[in-house]
Amino acid sequence: MDQSIQRGIEHNELPTFQYLMQHGQYYPDMISSFPTMSISIDSTLLTGRYPDAHHVPGLTWYPHHGKRVIGYGSGPFEVLRRGTKSVLTHALKDLNGKHLNPDLSTLYEDLKRRGFTSGSVNGLVYRGMTEHQIDLPQPFRGLVPLALPFQVKGPDFLAFGALSNPLDGVTDLPDGPADRMGFNDRYAIGVVKYLIQTGQLPDFLLIYLPDLDGKLHKHGLTDREGIKETDQRLSELLEAYESQAQAPNDTILIVAGDSGMSQVLPKDQQPVIYLPKLLQRYHVLPTGEAIDQSTEIALAVNDTMAYVYILKPEMPLKEIADVLRSDPRIDIITWQEDGWIHCVKAGDPASMRFKAGGDLQDPYNQSWTVQGVERILDLKRENGTGHAGPLRITYGKYPDPLRRLQGALQSHEGRFLIVTAKPGYELAEAGAPTHAGGGAHGGLDASASLVPLIIYGTEKRPDFLRIVDLKAYLLDLLQTESRK
């Protein structure tokens, strides 16, 4: 996050970040996708579309008329409650093979069609056109309750921890059980260093560095060790070239966050909103259990955001929204009904609704119709008349909220609400990880939604500073560079 980088530079702790920022472009406020969870964000990055098109709603979600809530693995207790085999099947097979919209082309697929090579190192979403094998060495196969090996499709080069290590036996990488089976920064940078030093970099390579996220979840936004370690990993990457001065001639390096975080209050200040208790008058599906005729509500918690599914058609959505807004720790509650997206806020009797198309144009050239009290989403209209062109609407503490809420609410079928917690709080159900005193993401507000972007090696910039716009930018960048 920008504040971590700025604080580290003030303390002279981040020489690599400082170098890249001084010699490249730096933007502190690129807008993430929503919900601000890596799996959904990566899907947006690689498809250039929001969840209403790519169909990966979040880290947990419920498929319409399904038997169980889908979880890709948010924490060990949640994995155990949902079943290890079920979670791994969804994460390792279904996410890229079924859930990510098969009718929507990924960046890797587009690059292949245009004659470019591509690669992914520990990216969670990696669907491409080249066959790869997911497997583990024989001593470790017992750690995964799946039939191994099996085939997946990815970019030309796919390194996915120990499950797909094309450098196994070529170079030593930390990919054992003590190293989270290779899902760590040292593994990722080790792979990239080898590709650089042997001249095997593809035209485009995505590298996912997960360690900082874990430290911020645990220690909160004041943690300085995590970003210092990330700086060191980036330094190792640059040092793999003959010199930093040569690197821009060989590579365009783009460093970006995927989501921000909000600081969760200490445990003694009741930061956790336990949704089953808040909805205790209804029959709420326990985590990991199968839906039956008595189930009225199912939950899919994504840190500070949750989908609340209403499974009985006779239960009004607004009724559940009113129950949720009774807790002052809740922030925004939205749902879709009769062609409108409705929004209410805890502690505020007002409401608003909106839909795509209309006389209001936002900073991203998107048009809307908005009715009701606009302070709910901190919207502001600029002065002007229809004769002077379209009316303009600007956003406050919720970046690009109309399009991002629409993207999540139309990401999959069903009757459901989206609920977010106020900064300082997070949502939970049985088994869901909580982060009292630490950091959490998932939400719609600026703290979770704004991330830094560094572009090093080119003066070209994206049309808009949103993750959803990066795919088009990367394709254009590669096409432009290939013509030089």
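Figure 1. Helix α2 (residues 15–23) lies across β1, β9 and β23, running at about 70° to β23, where contact means heavy atoms within 4.5 Å. This is a predicted model, in which local features need pLDDT of at least 70 and side-chain atom pairs count only at pLDDT 80 or more, while totals for chains, interfaces and linings use all residues. Residues are numbered from 1 along each chain as its sequence is written, and side-chain values use heavy atoms, with hydrogens and water left out. Helices (H or I, at least four residues) and strands (E, at least two) are DSSP runs numbered from the N terminus; axes are lines fitted to C-alpha atoms, for helices over the stretch in contact, and angles run from 0 to 180 degrees between N-to-C directions. The three strands form an open, antiparallel sheet in the order β1-β23-β9. Because β1 (25–31) and β9 (253–256) stand at the edges with a single partner strand each, one side of each is left without a neighbour in the sheet. From one strand to the next, the twist averages 20°. Two strands are taken to pair if DSSP finds at least two bridges between them; β1 and strand β23 (residues 450–456) pair in the antiparallel sense over five bridges, and tyrosine 27 has leucine 453 of β23 as its bridge partner.

**Figure 2. Packing of α2 against α10.** The two helices α2 and α10 pack at an angle of about 65°, and their axes are 7 Å apart. On the α2 side the contact is made by Pro15, Thr16, Phe17, Tyr19 and Leu20, and on the α10 side by Ile227, Thr230, Asp231, Leu234, Ser235 and Leu238. These contact residues divide into seven nonpolar, three polar and one charged, with Ala, Val, Leu, Ile, Met, Phe, Trp, Tyr, Cys and Pro counted as nonpolar, Asp, Glu, Lys and Arg as charged, and the others, Gly among them, as polar.

Figure 3. Arginine 224 forms a salt bridge with glutamate 13, with the closest N and O atoms 2.4 Å apart; the term denotes a side-chain nitrogen of Lys or Arg within 4 Å of a carboxyl oxygen of Asp or Glu. Since arginine 224 lies in the loop between α9 (211–219) and α10 (225–239), and glutamate 13 in the loop between α1 (2–10) and α2, the pair ties together parts that are 211 residues apart in sequence. A search of the whole structure finds 24 salt bridges.

**Figure 4. The parallel sheet of β7, β4 and β8.** Three strands form this open sheet in the order β7-β4-β8, with parallel pairing. The edge positions are taken by β7 (157–159) and β8 (204–207), each with a single partner strand, so one side of each is left without a neighbour in the sheet. The twist averages 5° from one strand to the next. Strand β4 (residues 118–121) pairs with β7 over three bridges in the parallel sense, and serine 120 stands opposite leucine 158 in β7.

**Figure 5. The hairpin of β16 and β17.** Strand β16 (residues 348–361) and strand β17 (residues 367–372) run antiparallel and are joined by seven bridges. Glutamine 361 has serine 367 of β17 as its bridge partner. Five residues lie between the strands of this hairpin, in which asparagine 365 takes a positive phi near 60°.

Figure 6. Most residues other than glycine have a negative phi, and most peptide bonds are trans. A cis peptide bond, with omega about 0°, joins phenylalanine 34 and proline 35, and proline 35 is found in the loop between β1 and α3 (38–47). Leucine 148 and proline 149 are likewise joined by a cis peptide bond, with omega about -5°; proline 149 is found in the loop between β5 (130–134) and β6 (150–154). Arginine 180, although not a glycine, has a positive phi of about 55°, and its place is in the loop between β7 and α8 (185–197).

**Figure 7. The lining of the largest cavity.** The largest cavity is lined by 15 residues, of which Thr60, Ser74, Val301, Ala432 and Pro433 lie nearest its centre; a cavity is a set of points, on a 1 Å grid over the protein atoms alone, where a 1.4 Å probe fits but cannot get out, and lining residues have an atom within 4 Å of a point. At least two lining residues each come from α5 (76–82) and β12 (297–302).

Methods:
On a 1 Å grid over the protein atoms alone, a cavity is a set of points where a 1.4 Å probe fits but cannot get out, and a pocket is an open set with protein on both sides within 12 Å along at least five of seven lines; lining residues have an atom within 4 Å of a point.
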